[in-house]
Amino acid sequence: MRFKAVLFLVLLIPAPASAGSDNDYKTVYEGHAYDTDPRIIEILADQGNPAAENRVGEFYRYAVFTKQKYKGVGGEQGYEEAVKFFRKAGQAGNPKAQYNLAMMYENGWGVARDYKEAAAWYQKAAEQNQILAQANLAF
C-alpha cells in the first residue's frame with residue numbers, strides 16, 4: 001500500500017518542460033489560462049514564447065482550412081503568416097513548430113514546395129521525439 005501511495009504522488013509531479021516544448025505556453029497570464037483566451041496566446045507570442053508562436057501559426061493555418069480569416073487574414077496570405085510563426089518558433093527549437101513548418105514545405109502551403117527543406121525540418125522535430133515527424137520520415 002505504501003508503494004502505491006508513493007507511486008501515486010510521483011505521478012502527480014509534472015515533468016519539467018524544455019525551453020522549446022509545447023507546454024511552454026500552458027501557463028497563466030494575469031489570471032487567465034492560456035487555452036481559454038487566444039489574446040493571451042498572442043501576448044505570449046509577442047513576448048517570444050515559441051509554443052505560443054506555434055499556436056498563432058496554427059490559428060492562421062486553421063483559418064485557411066476552414067475558409068475563414070484570422071485577424072482579417074485568410075487564403076494564401078494566411079499560410080504565409082503561419083509559416084512566419086512556425087519558422088520563428090521552429091528556429092527557437094519548438095518541435096511541434098518544426099513539424100508544422102515541415103508540413104508547409106511538403107505541401108507548398110505559403111512557401112514553394114521543397115521536399116528537401118521539409119525533410120530537414122521533420123528531422124529536427126523527430127530528434128526531439130515529435131512522433132508525427134518520425135512517422136513522416138519513415139515513409
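**Contacts and aromatic pairs in a predicted model**

Among contacts (heavy atoms within 4.5 Å) in this protein between residues at least 6 apart in sequence, 44% join residues at least 24 apart. The structure is a predicted model, in which local features need pLDDT of at least 70, side-chain atom pairs count only at pLDDT 80 or more, and totals for chains, interfaces and linings use all residues. Residues are numbered from 1 along each chain as its sequence is written, and side-chain values use heavy atoms, leaving out hydrogens and water.

The protein has seven helices and two strands; these are DSSP runs numbered from the N terminus, helices being H or I of at least four residues and strands E of at least two. Along the sequence, their pattern is α-β-β-α-α-α-α-α-α.

A search of the whole structure finds three aromatic pairs. Rings of Phe, Tyr and Trp (its six-membered ring) pair if their centres lie within 6.5 Å; planes under 30 degrees apart count as stacked, over 60 as edge-to-face and the rest as tilted. The rings of Tyr60 and Phe85 are stacked, because their centres are 5.8 Å apart and their planes meet at 20°. Tyr60 belongs to helix 3 (residues 50-65) and Phe85 to helix 4 (residues 75-91), so this pair ties together parts that are 25 residues apart in sequence.

Tyr79 and Trp109 form another stacked pair, with 5.6 Å between centres and 10° between planes. Tyr79 lies in helix 4 and Trp109 in the loop between helix 5 (95-107) and helix 6 (115-126), so the pair ties together parts that are 30 residues apart in sequence.
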